[in-house]
Structures are given as C-alpha cells and as structure tokens.
Amino acid sequence: MDVILFLVFAIIAVLCAINVVVQTHPIASALSLIGVMGSLAVLYLLLGAEFIAAAQVIVYAGAVMVLFVFVIMLLNAGEEVHRGRSFVVQVLGAPLLIALLGLLVYFAQRLFPGAPMVRFGAFRGGTAVAVGRALFTQYLLPFEVTSVLILIAILGAIVLARKELD
Amino acid sequence: MDFLLLSLIKAAVVAAVLLTTLAYLQWVERKVIAHIQVRLGPSRVGPHGLLQPLADVIKLITKEDLIPPHVNKFFYLAAPFLAITMSLLSISVIPFGSEVRVLGQTTWMQLTDLNIGVLFILAVSSMGVYGIALAGWASNNKYSLLGGLRSSAQMISYELPLSLAIASPLLLANTLSLRELVQKQGGFEFGFLPRWNIFQGPWPQIISFLIFVIAGFAETNRVPFDLPEAENELVAGFHTEYSSMKFAAFFMAEYANMITVTCLTTILFLGGWQPLFPASMGSNLVPPVIFVLAGLVALYHGLNPARRKDRFTLPVFAVVFFALAAVFLLPAAREAILPLFWFAAKTGFLLFVFIWIRGTLPRFRYDQLMAFTWKFLFPVAVLNLLVTGLLVALVP
C-alpha cells in the first residue's frame, strides 16, 4: 500500500515538475508547481513526517504559491513567446541532462555506499512535539540564525520598496 | 473490513447531514435576515418556505449551464470544483460528539482524528484560496479578476491573525488533535464554570476568541468583509461569469467554509461537545426543556393563527418538537445525542451570529479592510500570543 502510494505520488510530482517547464502560460506553470508541492507533502506523510507535510502545504502550497499566483495575475503576464531553440540546445540538451542525472546518482552512490533502504513507517520523529523539541534543543542556533536572516530579508524588502516621502 | 464499512457509513451520514445543513442554512439565513428587516422571507414553497432549498436546487440544476466564449476553459471549470472540494474536505476531522455505541459497535462521532488536525484544517483552507483566485482570473472579466485578487489578498492577510489566534488555545491544551482539544476542556472549575478555553487563564482567552472570529469572518468572505463580491462595485465579484451548478458550487463552498469556521471556533474555544454546566445541576434537562418550550410556543401560535395555514402547520411543528424532547429523555438515546446537542447548539449559535452580523453591519471599504488587519488585528494577535506563551510558561 505504502509503495503503491509512493509510486503514484512520485509520478504525479515528476509529471507536475515537467509540466512546470513545458507549460507556456505562467498561471499553468504556477499551478503545476502547487501540484509538485502537494505530492511532496504526501511523500513526507508516507515517510512519517506529518508535521513537515502539513507545514509544506500551509507554507509552500498555501502561502508562497498564493503570492506567486497573485503577482502573476496582478501583472497580467501573458503567454510565453517561443523563439527557435539554438542548434546546440537541440542536439546536446537531452544527452547532457541524462549525463548530469547519471553523475548525481553516481556520486550519491559513492558518498553513501552502505546507506540502508528507506522503510515506510520506520521513522517516528515526525510529530509536532518531536520537531519542536529538536528545533529548540539540538538545532537552536541554526534555527535562530535562520529567523534573523529572514528578518533581515523582510527589512531589506521594506527598505527597497519604500517610496521616498518628498 | 469492519473498519472500512464503518468509515463508509460514517462518511455517508456526515455528507448527508452536512449537505442538508448547507441547504437549510441558506433558508435560515434568508428567514433571519428577513425578520431583521421586518419582512417575512421565503414563505411560498412549502409551509414557512421550508421547501425553498429544494426548489432552489432544482432551479440551479435545470438552469442553462453557460460557458462564456472568452474564458480560459480548463481553469474556468476547475475553479468551482477546487473551491467546493477544499471546503468540504475539512469537515472530515471535526469531532461532533463523544464515543457512541451503535448496534454493538463503538465509534467516535468523527470521521478521523489526525494528530495534526488543526494544521490539516489550516492547510486545506489555505488551498481554498485558489478556487476563488482562479475563478476570477479564468473568467477573463475585469470585475471577476478584481474580485479574485481582492479575495486572495484578503485571505492571505487574515490568515496570519487567524493562525496566531489558534496558537493560544493550542498552548493551553498542548495538543494539535481536535478530539484531544475537546477532551482537555471537560470538567468544571469551582463546580460550575466549564473549563472551556475561552474561560481559561492565565491570560483571558476571550481576546484570542474575538481575533479568531473576526479573522474567520474575513476568511469566509462574509459581511462586513465580503469585498470579493461587493455588488455595488464588482457586479458579483469572482463568480460573475458562473451560472447553474458551477455558481451553486461557489455558494455551497462559502456556506461550508462558514460551517467549518464555526465548528472550529466551538472546538477551540467553546469546549466542543462539553456541556455549559454540570449534569448534577441539570444540564441533561436543557435540550428537553428547550424543545418543550419551542413546542409550546408553536402550539400557542397554532391555536391563535396569524395566517390561515398556520392553524395546520404550527401544531405539526409542535408535535415534532415534543417528540424531540421525548427522545432526549430516553436514557438509551441520551448518552449518544447529548454531546451532539451541545455541539450543534454552540455551532448553531455562532452561525446565527454570522447571519445576525450580516443583517446589521455595512461593508468595509477596501483600504479599511487592509489597514484593519495589518495595523490593528495582526499586532494585537502577536502580542496576545506572546503574553499567553509567557504566562503559560511562568504559571505552572
């Protein structure tokens, strides 16, 4: 059952990801991206990380993508215009992509040779309690540094977007 | 196999009850607003207009399903589907009552209990924005687009105070599961004050409650925050180009969202299915007394009819109310339906408040709406959460 669900949602995620690139309209691309986020959330859920799954949907599929869609609608971005692809891209694009993926797999294999296979349901640290405890004990410094970083980004955005009052 | 069968039966029952409630909420709203405005409201179809929802459904189904030529067809068709799915989905984690025994089976009056129940509802409701935003965009109409944009901006803005207000009762209860949230609110302080979150210290939770309800009004696009469909500026907002069942889908989504928000308020702040005062002080007798009184009022007006047909319809209602009162006095049935009664009573009262406010308040201006949430509601919610967190940590 777990494996079937994993396959279904992994395939949906990959198809949606391809669709993000293939679609010519920005709204369609953005919605495919939501599909990717949603299926990723289901994959997290299958792995036993229910809090991360919920956060994924709330933050990425909910908040971030709503802003994307909002901006696309507001700017009324039209369809992408296709120009002819260059000869190099047409010939070398697919082989180079496959080579890159192959290299990634090879290095993953080299770096973690004896890594155990993932077993569904084996991981138990995904509850809100466990995540919270880890964040505020083991990963306190990275957590705080990240929040300060985000705060700086927000301030920067405000400073950049502020109109001069004159 | 038992589990599967039981779940299917429960899902069917919940869906049937929910859809009937959706239809009749519409009737209740029209009646209440009519009486606020000193009118009679729907009264032609059936006694007191009680068959009006049925007539509306038949009208909506048989209407011509028009797809305007200038729309983006795929998204135009997907939007109402998305809106209604997301708004009906969140009912699946709402606990309506405590454990019941039916035909030898013990089960909870809840479809499923997730240990991230609150987050699930937040996630699903945040996905509901896409239905409205897409409807506005795909209609290819400036009024629809403005409605959709307004609605998505409004929902993002009000989701912040909403989530912050939810966090305070969660701090008190220390759980994310909706069932456990209600269980933690059982019992009474000093023998009479219920341990509902709204009455709980150390910091008065009535503030979180008010923030949550205000943000809930905005999330469901209800008056005074119904800017996305402001008739005088935007025709009908995001659903201008929709007709027939697709329009009905948006309508149902709005009412389903209303029911979700009121259920969530009941669970988070008003103790879910827990009674208002202890059974030793006679809280078990509240439903029969209410139904007997309602029956007596109906009987009185039936015997002194204002209109001719009241002479027949109102005594029938009186008999129905007396029968309900009798059911609540049966010991066997009481165990199961008393929690359900308290839950329905609280949710029903909140729904009435929603309708009451619609009949009372005017609509905000758009800049007022945005200024209100960003300059007032959000800071207050942050402060409220900080103080609650601090006091919960300090006071053991």
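This report describes helix packing, a salt bridge and the chain interface in a predicted model.

## Helices 10 and 11 of chain B

In chain B, helix 10 (residues 286–303) packs on helix 11 (residues 310–329) with an axis separation of 8 Å and an angle of about 165°. Since angles over 145 degrees count as roughly antiparallel, the two helices, helix 10 of chain B and helix 11 of chain B, are therefore described as roughly antiparallel to each other. The crossing of helix 10 of chain B and helix 11 of chain B is left-handed.

On the side of helix 10 of chain B, the residues in contact include Pro287(B), Pro288(B), Phe291(B), Val292(B), Leu296(B) and Leu299(B), while those of helix 11 of chain B include Leu314(B), Phe317(B), Phe321(B), Phe322(B), Leu324(B) and Phe328(B). Sorted by class, the contact of helix 10 of chain B with helix 11 of chain B consists of 18 nonpolar, three polar and two charged residues.

## Helices 1 and 12 of chain B

Helix 1 of chain B and helix 12 (residues 331–360) of chain B pack with their axes 9 Å apart, at an angle of about 45°. That angle makes helix 1 of chain B oblique to helix 12 of chain B, and the crossing of helix 1 of chain B with helix 12 of chain B is right-handed.

Helix 1 of chain B contributes Leu25(B), Val28(B), Glu29(B), Val32(B), Ile33(B) and Ile36(B) to this contact, and helix 12 of chain B contributes Leu351(B), Phe352(B), Ile355(B), Trp356(B), Arg358(B) and Gly359(B). By class, the contact of helix 1 of chain B with helix 12 of chain B holds nine nonpolar, one polar and two charged residues.

## Salt bridges

Over all chains, the structure holds four salt bridges. One pairs Arg30(B) with Asp56(B), whose closest N and O atoms are 3.6 Å apart. Arg30(B) belongs to helix 1 (residues 2–36) of chain B and Asp56(B) to helix 2 (residues 52–62) of chain B, so the pair ties together parts that lie 26 residues apart in sequence.

## Interface of chains A and B

The interface brings 19 residues of chain B into contact with 21 residues of chain A. Between them, chain B and chain A bury about 1,800 Å², of which 85% is on carbon and sulfur atoms. Within chain B, the residues that lose the most area to chain A are Tyr130(B), Trp137(B) and Leu149(B), which together account for 32% of what that side buries.

Conventions: Residues are numbered from 1 along each chain as its sequence is written. Chains are lettered from A and ligands numbered from 1 in the order in which they are written. This is a predicted model: local features need pLDDT of at least 70, side-chain atom pairs count only at pLDDT 80 or more; totals for chains, interfaces and linings use all residues. Side-chain values use heavy atoms; hydrogens and water are left out. Axes are lines fitted to C-alpha atoms, for helices over the stretch in contact, and angles run from 0 to 180 degrees between N-to-C directions. Helices (H or I, at least four residues) and strands (E, at least two) are DSSP runs, numbered from the N terminus. Angles under 35 degrees count as roughly parallel, over 145 as roughly antiparallel, 65 to 115 as roughly perpendicular and the rest as oblique. A crossing is left-handed if the near helix is turned anticlockwise from the far one by less than a right angle, and right-handed if clockwise. Contact means heavy atoms within 4.5 Å. Ala, Val, Leu, Ile, Met, Phe, Trp, Tyr, Cys and Pro count as nonpolar, Asp, Glu, Lys and Arg as charged, and the others, Gly among them, as polar. Buried area is the accessible area (1.4 Å probe) that two parts lose on being put together, summed over both. A salt bridge is a side-chain nitrogen of Lys or Arg within 4 Å of a carboxyl oxygen of Asp or Glu.
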